[in-house]
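Work through these exercises with the structure open beside you. Try each task before you read its solution.

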Amino acid sequence: MAPGTPRVFVSHLSGVPVFDPHGDQVGRVRDLVAMLRVGGRPPRLLGIVVEVLSRRRIFLPMTRVTGIESGQVITTGVINMRRFEQRPTERLVLGEFLDRRVSLVETGEEVTILDVAIQQLPARRDWEIDKYFVRKGRGGALRRKGETLTVEWSAVSGFSLEEHGQGAESLVATFEKLRPTDVANALHHLSPKRRAEVAAALDDDRLADVLEELPEDDQVEIIGKLKEERAADVLEAMDPDDAADLLSELPEADKERLLMLMRPDDAADVRRLMSYEERTAGGLMTTEPIILRPDATVADALARVRQSDLSPALAAQVYVCRSPDETPTGKYLGTVHFQRLLRDPPFTLVSSIVDSDLVSLTPQTPLSVVTSYLAAYNLVSVPVVDESGSLLGAVTVDDVLDHLLPEDWRETDFQGREGVFRDR
């Protein structure tokens with residue numbers, strides 16, 4: 001770990017308040033959730049179990065934690081209030097790590113874990129278990145005899161997937177460094193039973209990314225085997241256009257139940273997309289492009305473009321609109337390409353460099369015209385605007401390719417290192 005990155009001992013987090021960005025308390029920390037990993041890597045911290053004011057325990061992903069400091073946890077304010085359910089690949093740090101008897105790798109001596117330190121990775125929002133505070137000798141945390149010491153996570157045996165045996169947990173950990181499309185390819189070739197086990201063990205965001213890369217039959221099969229509340233969570237984590245495509249394959253009754261379980265804003269976006277014909281700009285677009293107001297600066301735009309969860313196509317340009325700045329927006333003013341952002345000073349207003357010359361598409365524009373438009377102007381993303389001049393979304397080149405390729409193109413195994421496709 002690089003010096004200066006924050007390290008926190010988890011015993012100091014138990015019971016501390018959790019606040020939203022406005023300073024309002026949403027609950028208190030009751031535990032932390034970690035995932036064991038293969039290959040000699042430290043356990044990764046997935047999130048925090050928060051007890052909200054109604055005494056319900058919910059899961060707060062670490063990606064939505066903006067600060068852990070001064071006896072408090074600060075969140076982005078976006079919290080899913082559904083009850084926390086521990087998954088097969090997850091370990092509760094306070095509940096399962098503390099007081100556990102393990103061994104020191106170097107000497108084989110038994111020790112008791114009294115505390116666990118977590119540390120944030122440099123320049124990222126990921127957290128890992130960094131160190132253990134242990135007591136030598138037999139006995140639990142209340143025993144006062146025996147030397148105490150702080151050791152690196154790798155100095156302790158008893159917390160590796162290799163020691164826990166092979167199961168869905170080990171397979172999920174093996175998938176961790178793979179791209180979603182490669183995980184999807186592996187899942188596609190598993191048995192239905194094994195596929196369901198792995199899907200149940202993946203976290204919501206990861207499963208959402210993988211579902212977007214699977215054939216429709218596999219998507220329907222997996223979403224149908226999840227509990228309905230979990231399925232709704234995963235649909236919320238998917239890109240709205242992909243969620244709409246998946247829901248359109250389900251029976252009407254199932255579709256409506258899942259939409260009712262989703263957050264109203266997410267469900268509204270998906271319903272709007274489902275109202276358009278499939279092979280039109282409206283049916284192809286995502287409702288979540290990068291949208292900025294005219295008074296935003298180049299620095300603001302670059303900060304948005306840097307977000308790691310954006311696809312390259314969406315990060316290629318920003319869309320300048322008057323308020324409101326969520327689709328459907330106020331009046332659409334134009335776009336600013338990423339290259340232009342790199343050429344202008346950070347304090348430049350995006351409204352002064354906006355490109356308003358290109359004609360926008362309507363939701364009813366057919367796929368053939370969308371394809372020609374992207375090719376003619378060498379674009380990777382194009383705005384979709386309604387008759388009142390509001391931005392509805394953007395069509396990206398990857399979504400266009402999905403509809404131009406043969407239906408079974410996802411059955412092809414891509415060998416990235418060899419640079420060739422291989423049909424199974």
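**Exercise 1. A residue in a loop**

Task: Decide whether asparagine 378 is buried or exposed, and find its place in the chain.

Solution. Keep in mind throughout that this is a predicted model.
- Step 1. Asparagine 378 has a relative accessibility of 69%.
- Step 2. The cut-off for exposed is over 50%. Asparagine 378 therefore counts as exposed.
- Step 3. Asparagine 378 sits in the loop between α16 (367-376) and β17 (381-385).
- Step 4. Now check its backbone. Phi of asparagine 378 is near 55 degrees, a positive value in a residue other than glycine.

**Exercise 2. Another positive phi**

Task: Describe aspartate 99 by its phi, its place and its accessibility.

Solution. 
- Step 1. Aspartate 99 is not a glycine, yet its phi is positive, near 70 degrees.
- Step 2. The loop between α1 (93-97) and β9 (101-104) holds aspartate 99.
- Step 3. Its relative accessibility is 45%, so aspartate 99 counts as partly exposed.

**Exercise 3. The whole chain**

Task: Sum up the protein chain by its secondary structure, burial, contacts and surface.

Solution. 
- Step 1. Take the elements. The chain has 17 helices and 20 strands.
- Step 2. Take burial. Of the 424 residues, 48% are buried.
- Step 3. Take contacts between residues at least 6 apart in sequence. Of these, 57% join residues at least 24 apart.

**Exercise 4. Aromatic pairs**

Task: Say how many aromatic pairs the structure holds, and classify each by its geometry.

Solution. 
- Step 1. There are two aromatic pairs.
- Step 2. Phenylalanine 59 and phenylalanine 84 lie 6.1 Å apart, centre to centre, with 25 degrees between the planes. Planes under 30 degrees apart count as stacked, so this pair is stacked.
- Step 3. The pair links distant parts of the chain, 25 residues apart. Phenylalanine 59 is in strand β5 (residues 57-61), and phenylalanine 84 is in the loop between β7 (72-75) and β8 (90-92).
- Step 4. Phenylalanine 59 is partly exposed at 23% relative accessibility. Phenylalanine 84 is buried at 17%.
- Step 5. The ring centres of tyrosine 373 and tyrosine 377 are 5.2 Å apart, and the planes meet at 55 degrees, so this pair is tilted.
- Step 6. Tyrosine 373 is buried at 10% relative accessibility. Tyrosine 377 is partly exposed at 46%.

**Exercise 5. The partners of arginine 7**

Task: Which residues does arginine 7 contact beyond its neighbours within four places in sequence?

Solution. 
- Step 1. Find arginine 7 in strand β1 (residues 7-9). Its relative accessible area is 40%, so arginine 7 is partly exposed.
- Step 2. List the contacts: Ala117, Ile118, Gln119, Asp130 and Lys131.
- Step 3. Look at glutamine 119, 112 residues away along the chain. Its C-alpha atom is 4.4 Å from that of arginine 7.
- Step 4. Arginine 7 makes a polar contact of 3.5 Å with glutamine 119 and one of 2.4 Å with aspartate 130.

**Exercise 6. An enclosed helix and a helix pair**

Task: Why is helix α8 described as largely enclosed, and how do α10 and α11 pack?

Solution. 
- Step 1. Helix α8 (residues 228-237) has 10 residues, and seven are buried; therefore it is largely enclosed by the rest of the structure.
- Step 2. The buried residues are Arg230, Ala231, Ala232, Asp233, Val234, Leu235 and Glu236.
- Step 3. Their cover includes α5 (192-201), α6 (204-211), α7 (216-225), α9 (240-247), α10 and α11.
- Step 4. Turn to the helix pair. The axes of α10 (residues 252-261) and α11 (residues 264-274) are 9 Å apart, at an angle of about 145 degrees.
- Step 5. From α10, Lys255, Glu256, Leu259 and Met260 meet Ala267, Val270, Arg271 and Met274 of α11. Five of these contact residues are nonpolar, three are charged and none is polar.

Key. Residues are numbered from 1 along each chain as its sequence is written. This is a predicted model: local features need pLDDT of at least 70, side-chain atom pairs count only at pLDDT 80 or more; totals for chains, interfaces and linings use all residues. Side-chain values use heavy atoms; hydrogens and water are left out. Helices (H or I, at least four residues) and strands (E, at least two) are DSSP runs, numbered from the N terminus. Buried means under 20% relative accessible area, exposed over 50%, partly exposed in between (1.4 Å probe, protein chains only). Contact means heavy atoms within 4.5 Å. Accessible areas come from the Shrake-Rupley method with a 1.4 Å probe; for residues, only the protein chains shown count as cover. Rings of Phe, Tyr and Trp (its six-membered ring) pair if their centres lie within 6.5 Å; planes under 30 degrees apart count as stacked, over 60 as edge-to-face and the rest as tilted. Axes are lines fitted to C-alpha atoms, for helices over the stretch in contact, and angles run from 0 to 180 degrees between N-to-C directions. Ala, Val, Leu, Ile, Met, Phe, Trp, Tyr, Cys and Pro count as nonpolar, Asp, Glu, Lys and Arg as charged, and the others, Gly among them, as polar. A polar contact is a pair of N or O atoms within 3.5 Å; within protein, one must be able to donate a hydrogen and the other to accept it, and residues adjacent in sequence count only if both atoms are side-chain atoms.
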